[in-house]
Each structure stands twice: as C-alpha cells, then as structure tokens.
Amino acid sequence: MARKPIEYVEIEIDGQAVKVPANQVVLWSARELGYDIPHFCAHRWLVPYGACRMCLVKVEAGGRMMPKLQTSCSLMPAEGMKIWTKDPEVIQARREQLEFHLLNHPLECPVCDKGGECMLQDQTRDHGMGEGRFREQKRIRPDASMNPYIRLNYKRCIHCKRCVNYASDIDGSYFLQFVDRGAETYIESFDDPAAAPRFSGNVIDMCPVGALTAKSYRFTMGRPWEQELKPSIGALDSVGANIWLNARLGDVARIVPRDNPTVENGMLDDATRFGWEFIEDPRRLTRALVRGEEETRVSRLAGETEAGRILGRIVNEHGPGSVGLLAGAGLNTEEYLALKLFAGRVLNTSYYNLGDCMSSIEVPDDATLATVGSGFTTIEGILNAATVLTLGCDLFEEAPSLGLRLDIAARRGLLRLLNARSQQSGIDRFAELSLDYPFGGLLRFVRGLTNALTGQGEVPPEVTPLAERLRQAGEDCAIVCGDEVWLSEDPPTVLKALAALREAIAQASPDTKAVYLNPVYKSVNSAGALLVNCFERLTDGRLEGVTAPVGCLGKVLEAAAAGKLKALVIFDKDVLVRYQHRDVVEKALKNVEAVIYCGAFPNATSERAHVHLPLGTWAHREGFVINLEWRVQKRLVASIDSVAPSVLDVVNGIAAAMGQSPVAADLPALRAQLARVIPGLPTNTLDDLPDQGLPFSPKPPALDRLKASTDLPAEVAAPDGQLLLTPKRFLYNDREEIRFSRVFDKIPKPFYAFLNPADAAKLGVSDGEWIGLGGGHELELPVQLAAWVRPGSVVVNDYYLAQPANRLAGAAPAAVAVKKLAGVGKD
Amino acid sequence: MSRAKVGLFGSIKALADGLIITLKQFGGAFGGRNTATVQYPVKKLKMQERFRGLHRLERYTEGPFKGLEKCIGCALCAAACPAEVITVVAAENTEENRFSPGERYAVVYDMDMLRCIFCGMCTEACPTGAIVMKHDYELADDRRREPNKFMYHKEDLLDREFHW
Amino acid sequence: MADTKAKNGFNFQLWRYDGEPGELIPLLQAAQDHYGYIPEHAIEHISAATGITPSKIYGVITFYNQFRLQPMGKYVIRLCEGTACHVAGAKTLLEVIEDEVGVHEGETDDDGLFTVLTVACIGCCSLAPVMLVNEETYGKLDPKKIRSILRQIRREEQQKSQGKKAAQPAK
C-alpha cells in the first residue's frame, strides 16, 4: 500500500505516559485511550475546525506551559508533550463553554427526536452547570424543510458547523451554508429541487443536536432507546453498506449506519438510508396469487401446491431439462444453494441461472471468476492505491458510498483518479483525467489502452493521454469497472481484456508493484450468486444430483423461447424489464406452459406468471451476503411482526407438493453445506460471523486458459440524424425498495431522456418537452438537458417500468431515431 | 394482679369492662368516634395526599393552553417504568388538529395495569406533569382476556373520573 | 475578460482571479459598485466565473455588512445614533425621518428615493445631532430642519423628472 507506516510519539495524559500516533490529533488519540474529552465540531470525517471550544485541554509542550488552554481537536502531539484533561481550569472552561452553547438552545428534549442520542444532552449531563442562568428571550426561527428527507430546526442549532463542513468537504454540493453573522447566524439549505439528494442523510448522524432530523422518523417512530437493532446489509448496491435496522413495536422505524470503517465508513446514500418503508408496504404480497380463468388469492400453501402440481406434471411429462429456473442477485448466498439443489434434485434441470449475469453465452462465470478472483483487492485497498482507474462505471450511481470515499480521497490528493466511461459522471470533478467514448465502446477502449501500453497493435488516439498517466501509476493501481461490463453482450471477454490491461499496466509502469481489478456488481449479492452458480468450476466439490448450469440468463431464456422449456420458475427477478432483449423474454414467457414467479412485490414479469408466490423482503430473511470486495457479511431478520417466507420455505413447499423430499432441513443446514462445497468460506454459521463480516478469498480457476485478444473492435457510432441509446443505471429507479417506499414519492427521479444541449438544439427540443425514441416511438420520455451527456447519445434510465429501455436496446449499442413529440405534458 | 385476690366482684367488673368496650365499638359502627374499621364498600376511606393509586392523564385547566392535554408524547414515562407498563406512540400536532401545546402529542398511550407496581416513577419522569397518580384503588375485574379491562388506553386515562 | 465586462456590465478590473478564495470579496464589491446592490444574476455570474457555488457566495454576502441584496434608494439617509447624537435626541429625529419618508429604519421607500439607516457615529459629534444624506453632512438638526431638507430633495427630484418629461416632446 502507498501509505507510510504510522509513527508513534510518547506523550503524557493526566500524568500517565502513553504512546499515540504522530499523525493524529490529540483528541482522537485520547478518546481511543478512554479519556473523556467532550467535543461537538470535531468529526472523524472532517478536517479540524475548532469552532465549539469544548475539547480544550491544558498543554505543556517543550517544557513550557502553553499560556492558554488548547483545542485538542487541532493539536498534533509532539514528543514529551504533557496534557491535562481533568484540570480544574479545563473543567471550568468546559462548563462555561457549554453554558454558551445552551444560551439559545431550547429546552425541548422531551419533544426532540434526537433526545437520547444527543451529544449536547450527554455532555450537558456530564460537564454542564446543572442549571441555566440565561433568563432572556432565546433566538427564535421557525422550522423549515431542508429537503424531502430532512427537517431543519433552526432553534436547536449550536453552530458547530459540522453539517456545513460536510456539505462542502465531503458531499461537495454545498447544500448547507451559514448565513449572516455572529449571534444572528443560521444555517440555510440550498436544496436544488430538480436534483435528487444523494448523500444528504449523513448530516442527521453528524448533527450533535436535533437541528437536522429525518422526516420519516419524526415523532411516530419512537425514541432511540426503544429501538431494537438488528445488523443488516443495505440492499441497493454491491458495496453492502453495514446498517442497523431499527424496529419498534414490531415495525421498522429507521435505518442507521453500522459504521464499518472497512466497508462504507458510515457514509450511507439516501436511497439506502431512507428506503425501508417498502418492507411493510400493504402492496407486498402476503398470500399467493393464482391466475387461471381469473385471478384468485389463495394461501401460500395452496399456491405452493398449485405450483408443485404444475411443475410435477411438466417434469413427469417432459422429463429432465424441461423447466428453467432464474433468480435475481438480491437473495442470500445460502438461498442460492437451496435454489441450485431445487433445480438439480427436484426439477431435474441444468437450465438455471443464479445472479445477474445478463449475457446470452455459455457458462461465462468461470472466466468472470478467474479474471476477478486473481486480482481483486479490498475497498480499503482501492482507497489506499496510488492510482485508481474507473472504467465503464458511474460510481455515484452504482456504488454511492465507494464513489463518495474515492471522491474524498481524490479531493484530498491521497490518490490519482482517472476515469473513462460512456458519459461524464459526478466523480469526474476531482479526477486528474476523464475520458468518454461512445456507449458500447468499452471493449474497444480497453484493448486500445492495452495496445498503447504494450506498444503492440492499433492504438486509437483518444487513449494516449490516459496511457501516459498509467505509465506513472505509482506504487499500486486499482481498476474499478462497473455497469458497462455487465451491459455488454459478452462480459467475460471484457473482463479478460481488463485482465490483459492489468498486466499491461504492471509491465508499462516500472514502479508499480500491484495492479488490482475490482468490478462493481449490479446487485447486493452478485458475488454470492456467482460463487454458488458455478462452484463446480472452483472446486472439485460436487453436489449429488446437481449439474453445472447450462449457461447464462440468455441461454435459459432462448431455450424457453425456442419451446425447449415447458415452464419457467423465476425468483425475484424482473427479467421482462431488466434483460436487454425484450423480444426474447416476451417469446419465452409466451412459449412456456407455465410461469411460476416468487417475489415480494408485483412487477412486469410477475404479471405474466400463472402462480405468484410470496417471498420476504431482505429484512425478513437472514443469511450471508457477499459484497464487491468478497467480504462475507451477515444479515439478520428485523424484529418486526410481519413474517414472510424465505426462499428455502418456498422451495421446500413446492418440493413437498411434488412429492419430493425437502432440499434442506433448515437454513443452518444449508450454511453447513455451503461451507462444505465452497472451501475457504470463513464461517458456516451466522453466530460465528462477526458484525463486521469476514474477508473471503475465492480460489479462482487458472488464468492461463484465458487468452485476451489484442484486436480492436469496430468503432461504435450512430448514423446522422440518430442518437446512440445509452441505458444507464441510476441510484433512483423503479426498484422495489424505491418504488414502494412513500418517502421517495417526492424525490425527482431521473426518468428522462437526457440529451446534450447541442443535440437538443439540433432537434429543437428544450427541458420538459417530450421526445419519441425509435422508429415507432417505442419510448416516449420528457427531455432533460445535461452537459454530462456525450454529444450524439441519449441517456435513459435502464429501470423504468413505464418506459422500459429494453423496448429499444436490443443488442447494445443501438442507434435510435429521435423525434420531438407535439403533445407536451402527456403521461 | 393475682387470681386469688380478684374475688367475685372483681370478676364481674372485669366482665363489665370488656362488655363496655364491645358496646362502645358496636356503637361506633353507627357513627361513633373511635372507629377502627369502615363499612367498605358502603363507606370508603379518604386516602393520604401522597397515595399512589390509578393513573390519570391531565389537561391544562387554566392559562393559554386551557383544555389541551399536558402529555407531549415524549415517552419518558415509558423509559422510566421498571415494569414496562407504558407504551407511547407520538404524532405531530397540526393547526387543525391540536391536542397539546407544541409540536408533539401522544396518539397512543396504553398502560397495562396488570404489570403496574404503582411505584410512581412515571409521574416523576414526566416533564409536564401530565401523568399523575390519583387515589383510585379499585382495579379488580374478572376479565383477563380481550377486551382486557386491565389495558387502559389513552381515552380511559384522560379525563377519567375518579370516585373519591 | 473584455467580453465578460461588456456582456455583464459590471467592472471586473478588481478581479485577478487566480483560484484564491479571497478574490471573491473584490468581485462582490465590483458588482455592488455597479448595481448599487448585488442582484441574483450577478451571484450566478460570479459563481459561473469562479466555480464557487452560489450558496457559498450568499453566505459571504450575508456575513459582511457592506453587501446588500436589496437595491438602495437614490438618497441614503444615515442618521447618527452615537452617544452625543443620542443625548441630543436622535431617537426623536429618527421618528421624524420615518414619518417624513414613510418607511421604517433599514427600508427603502416605494419611489426608490430614500433609504433610512442608522449608524453608530460619523465622527462629528460637535454638530450633534447629525445625519448624512449620501455624502452630504447636515448638523445641529431639529425636526423642522430635517423636514425642510428632505422636502427640498424631493422637490428637486420632482423638478428633474418633470424637466425630463417636458424635454421629451421636444426631442
């Protein structure tokens, strides 16, 4: 790693000699050692500010007493320094300072949502006067809404400036600002109503008082001490943000960060933090839905019996390999094993696919694992690398907390950030170099870059500046790739090209000792799904009666479309909207005799199912989740009243209806089995797994089989008068977590056709006008002008139920005709 | 006093003394002054001011908030309660629908009196003096199952009339 | 730089923007010199030119007393409220001014003619009570004198505007 080893110096705190790191201010070192120094404005994410004066200590340095008390939050330790934290002078100063903080602070702790977890409350109790002497009128200013999530209470603010510094130094969007001066100072929000907030929720945690509180937690959700906490994992991205799921009286009350410094460091994105209302939304399926002549709601048991009857008949009539099974990447790892056993032993089929590999080729997972597994590093490793190259991903949308942490590191000059993807992204702002290429041109770009570094083959001119910088990559270099890899027709080929790039960087840059490749996956447990889907290729382990999968999602769907499969069983995956080739899915759903869907909420695919079985949300199911750094983390069931089945319950229910034995007795048995077939899995029980999770190194298959080509694929371009359709993943889209949580109703979601102003001017459209995409206007969307869009392309949200992008984006990349629609404001 | 010295007269006197006490007490039942027992349930004792009986949620009876509930739904009573008797769910006052002064009020205030040990911690914790303990002690009932007579809801506790 | 000046009107001469945050204040002063206050479009323009977000610029403007977000009247009345003037009855005089102009302290009248402000001391206590109208100092005031000064100004302004109106048809 590029970081220097930590040096220690010896200082004396309250007469006791201690060793503290030389690069850390005294406040944090002393607190780590157990000395209670109160503070408000200091925060481990922020640079020292010294506003609140609560952390004053008495200091003797260089054999001389410092004339005044010093703020320990900005005091660097020096050899032989002496510090007193309990001196009467210090205690007196603290007490007086606290009295100042409380001058204008209202005495409404019983009403305040922060009461019980409030720093001011705690410190007033520990260090305060006990009674206020201020008898005058306190400053009054009515509350305001900061943004759709947060309420701003001006009266309670003590002007520590944490949130303002967060908005400028961490978030970087300056959405909060001090206005006016002196005693009149207040915090004003500069919320852009057109933009969805992305990291604003963190100010709730940072605020040491109750000035910034969550609207969705306000009053009704109880007090902090009443919450029952369960460790869980944020479900929206593959970073796997560690969260506490708070429940009270049997209902989910809120989500707070669990603060795992190695994973998300407490920085949650707003979609993860506020996306919990869907867990108990009344639209969640609690009974089974059977569609015969008409739609009927039956009990779960009856639904499973019906599903078992249909599947039993098909397996009996058509023999092995007549049923296809698909599963999304939001399930837990042991549930994938249950599904694999179900496919092999009960359905007797190898037409199954678990996870989110969307390609249509034959079993590419071993190639994926080989390229990924041989050179991945941890999130810490990425952040400590000297150079980080992001390829084909917009981290702020795909893995927000990783994106934010990289953004901060780049801003503070701790690493060099280099970006290349099909359009500009938010993370470009502190990058040393940002390049864009037409959507679909990732493979061409990567091969061109490799050629430039190795000096062999054809080199497109646009990659040269990036190659120049990569030649001086420094001690280590991390490549982070993302969505464009998974959206390409052949992800393993792209990953192979990336592996070749990794070697090329290592050879071209003499100082570089290590080059890593870390993909950002599409879903929270993509890594777990990948692992279980093809573990036969990782190890010699075999499961009796289970064969390796025949291929990826496309392979299964094509077999169904060709009439080879008679039934499809789909677990929690909206294939109709998410798979690029909509025509294939349409055909597959039409050509099979029966579709069994299992998922918590209705969606486009489940509408076509003959039987829709209920499934719990992630808060209802416990298990292992593996994130993008291959850290095995645990997710427990929230302390809520509502119960919902796990995948194992459903699978066993169907097996029983088919007259077969259950695939596993219970989840612990599955976990034990999982640890047997996947060697190196750090644990086989949930109890043994610490809350922080454990790292796991999968043993990848040999790399030498993978020969990456140096051929340059053809350039992607749209013909004149057409634009390149770019489906892009956004944080706010039509996922269940967002669609069924009321809090997001007020958020402006990016359901637009994003156009470069130059292209919009050519088309004669402006903001808010509607355009039709495709020859037959397959997509009709309102326009939003955005400078970040590459000229010549139109960016659409890849998950929008009303206007799904896969109506057009067949084989990516697609050039589409664009036409302005006359009827403005149609819905 | 030894038995040998009592004599007949002394014995009769002792008997009479005893009978007089009995007669006094007997008379006391009809309104005499030296009553040791009361004719419960016809008559009921007046409790000491500090007696901790059944709870009651108070309203403001004067001042600018007259008529509003004192309870602000802070749930400190629930936090203080050692027997986990109280459940509070708060909500926000609106201009049209105002229950208490300020922003917050209790929309649910349940007390499970089967658990209550009448320790009075809730009244001590209450920052507004909304929950007080009155002198009712007749809490017995023969129904334990739902609808549970011992589960006192907000409407039972608020404006509750008490008997003495 | 010449373009920016022509397009946006206000003088960028004070500005040698080299990425130092401290350059913001001269820029804001230039904008205020030009417009008399800092209009919203000036904030947006400065933000686009410097890369400092509008929220931060707004924070700076409100921090300093010298910057105004509202336009000032043509004549700014600054009444001294220092010790000497206070003793000499500045409080009453303020009421007289407010009555004459028709607005409260800190406000501008509807015609955009007068803005009434109070200041701590203008440094000529020997003339107390004293006020400034723009750069002109008036000392040893009493209510009668104030009314006559303000009415005089108003008359002059009316004559000017009537003169303009009279001159227009001749054009």
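Visitor: At roughly what angle do the axes of helix H3 and helix H4 of chain C cross?
Guide: This is a predicted model. In chain C, H3 spans residues 40–50 and H4 spans residues 54–63. Their axes come within 9 Å and cross at roughly 120°.

Visitor: Which word describes how H3(C) and H4(C) lie to each other?
Guide: Roughly perpendicular covers 65 to 115 degrees, and roughly antiparallel means over 145. The axes cross at roughly 120°. H3(C) and H4(C) are therefore oblique.

Visitor: Is the crossing of H3(C) and H4(C) left-handed or right-handed?
Guide: Look at the two helices where they cross. The crossing of H3(C) and H4(C) is right-handed.

Visitor: How do the residues of the contact of H3(C) with H4(C) divide?
Guide: H3(C) brings C:Ile43, C:Glu44, C:Ile46 and C:Ser47. H4(C) brings C:Pro54, C:Ile57 and C:Tyr58. The residues of this contact divide into five nonpolar, one polar and one charged.

Visitor: Which chains share the most contacts?
Guide: Chain B and chain C do not touch, with their nearest C-alpha atoms 30 Å apart. Two pairs of chains are in contact. The pair sharing the most contacts is chains A and B.

Notes:
Residues are numbered from 1 along each chain as its sequence is written. Chains are lettered from A and ligands numbered from 1 in the order in which they are written. This is a predicted model: local features need pLDDT of at least 70, side-chain atom pairs count only at pLDDT 80 or more; totals for chains, interfaces and linings use all residues. Axes are lines fitted to C-alpha atoms, for helices over the stretch in contact, and angles run from 0 to 180 degrees between N-to-C directions. Helices (H or I, at least four residues) and strands (E, at least two) are DSSP runs, numbered from the N terminus. Angles under 35 degrees count as roughly parallel, over 145 as roughly antiparallel, 65 to 115 as roughly perpendicular and the rest as oblique. A crossing is left-handed if the near helix is turned anticlockwise from the far one by less than a right angle, and right-handed if clockwise. Two residues are in contact if their C-beta atoms, placed from the backbone, lie within 7 Å. Ala, Val, Leu, Ile, Met, Phe, Trp, Tyr, Cys and Pro count as nonpolar, Asp, Glu, Lys and Arg as charged, and the others, Gly among them, as polar.
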